[in-house]
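Have the sequence and the 3D view open as you read.

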Amino acid sequence: MRRSPARTLSRPFIALPAALALGALLAGPAAPAAGAGSTATETEATVVIEGYEFVPASVTIHVGDSVRWVNKDNDEHTTTSDEPGWDSGLIAPGGDFTQVFTAPGTFSYHCDLHSTLTGKVVVE
């Protein structure tokens, strides 16, 4: 039995949409667009605690961004706002703490264990 040319040509046109649909299913749901209900922060600044210093001592971020403090010292430290705000509790050597900033302002902070260890977060 001989196939008609129309029937032979139709298979690639059916197979391509099926392959695209299968690829979309395997890829999973699309990620939400920025600002479309996503709860992830736009940016994360990192402050390293090392040599009994916050490095850098001052960071500037935007509302909704976060700061992550990473303790690379051999002692425990805290990151505690000077005004009511946040308190990391003890950050063990090798540990970290992240704080999201939801309002603009300048926020000074310190280590509760080491009074000379101070820093500042500027939120624009």
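This is a predicted model: local features need pLDDT of at least 70, side-chain atom pairs count only at pLDDT 80 or more; totals for chains, interfaces and linings use all residues.

## The nonpolar core

In the largest nonpolar core there are 17 residues, and the ones touching the most other members are Phe54, Val67, Trp69, Phe101 and Val121. A nonpolar core here is a set of buried Ala, Val, Leu, Ile, Met, Phe, Trp, Tyr and Cys residues joined through side-chain atoms within 4.5 Å, where buried means under 20% relative accessible area, exposed over 50%, and partly exposed in between (1.4 Å probe, protein chains only). At least two core residues come from each of β1 (44-50), β3 (58-61), β4 and β8 (118-123). The largest share, 3 residues, is from β1. Strands are DSSP runs of E with at least two residues, numbered from the N terminus.

Now zoom in on Trp69. Leaving aside neighbours within four places in sequence, its contacts (heavy atoms within 4.5 Å) include Val47, Phe54, Trp86, Asp96 and Phe101.

Residues are numbered from 1 along each chain as its sequence is written, and side-chain values use heavy atoms, leaving out hydrogens and water.

## One salt bridge

How many salt bridges does the structure hold? There is 1, joining the side chains of Arg68 and Asp96 at 2.9 Å, N to O. The term means a side-chain nitrogen of Lys or Arg within 4 Å of a carboxyl oxygen of Asp or Glu. Arg68 lies in strand β4 (residues 66-71) and Asp96 in strand β6 (residues 96-100), so the pair ties together parts 28 residues apart in sequence. Arg68 is partly exposed, at 29% relative accessible area, and Asp96 is partly exposed too, at 41%.

Technical notes: Helices (H or I, at least four residues) and strands (E, at least two) are DSSP runs, numbered from the N terminus.
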